[in-house]
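Student: I have a structure to look at. Can we go through it by question and answer?

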Amino acid sequence: MAKGQDRHRERMDILASFGRNLARRSGSRCELCSASGVPLHIHEVSPSADIPDIDRCIFICETCGKGMENPSGITDHWRCLNTTVWSEIPALQVISVRILRQISPKADWARSLLEEVYLDPEIEAWIDKQ
């Protein structure tokens, strides 16, 4: 059991070490909704690699973090995905499409956006690996 805790702690330490670079990349704003002046945390986009990879991480606010648990609960908040789905950061594209797919049955704008999006096959495969 201690081995599992040690591995988890090590993983968390590696993820925490990404903070400065993610803050720089995001301009200290939520990478999904662009909120600033709020606490941000690192979210690892699944599936997680054996060794944490900054390219599989995004910097998000609490609202977006909690909203990912139940995206349909804050459908209007996700209008920010109109921008992030076109990001050059693959992890942002992946999480944006996943959220859009979840809310699209109730949000016409999300369904329309999904119809417009073109993604590389590599990104499509990552989205489906959830």
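Student: Which residues of α7 does α5 meet?

Tutor: This is a predicted model: local features need pLDDT of at least 70, side-chain atom pairs count only at pLDDT 80 or more, and totals for chains, interfaces and linings use all residues. Residues are numbered from 1 along each chain as its sequence is written, and side-chain values use heavy atoms, without hydrogens or water. Contact means heavy atoms within 4.5 Å. From α5 come P90, A91, Q93, V94, V97, R98 and R101, and in α7 they meet I123, E124, W126, I127 and D128.

Student: Are α5 and α7 parallel or oblique to each other?

Tutor: Axes are lines fitted to C-alpha atoms, for helices over the stretch in contact, and angles run from 0 to 180 degrees between N-to-C directions. The two axes come within 9 Å and cross at roughly 55 degrees. Under 35 degrees is roughly parallel, over 145 roughly antiparallel, 65 to 115 roughly perpendicular, and the rest oblique. So α5 and α7 are oblique.

Student: At what angle do the axes of α5 and α6 cross?

Tutor: V97, L100, R101 and I103 in α5 meet W109, A110, L113 and L114 in α6. That contact divides into 7 nonpolar, no polar and 1 charged. The axes come within 8 Å, and the crossing angle is roughly 135 degrees.

Student: Why is α5 largely enclosed by the rest of the structure?

Tutor: Buried means under 20% relative accessible area, exposed over 50%, partly exposed in between (1.4 Å probe, protein chains only). The buried residues of α5 pack against β1 (40-44), β2 (57-61), α4 (81-84), α6 (108-116) and α7 (121-128). The helix is largely enclosed because of its buried share: 11 of the 14 residues.

Student: What length does α5 reach from its first C-alpha to its last?

Tutor: Helices (H or I, at least four residues) and strands (E, at least two) are DSSP runs, numbered from the N terminus. Helix α5 covers residues 90-103, 14 residues. The expected span is 1.5 Å times one less than the number of residues. For α5 the expected value is 20 Å, and the helix reaches 20 Å.

Student: Is P121 buried or exposed?

Tutor: P121 lies in helix α7. Its relative accessible area is 62%, so P121 is exposed.

Terms used. Nonpolar A, V, L, I, M, F, W, Y, C, P; charged D, E, K, R; others polar.
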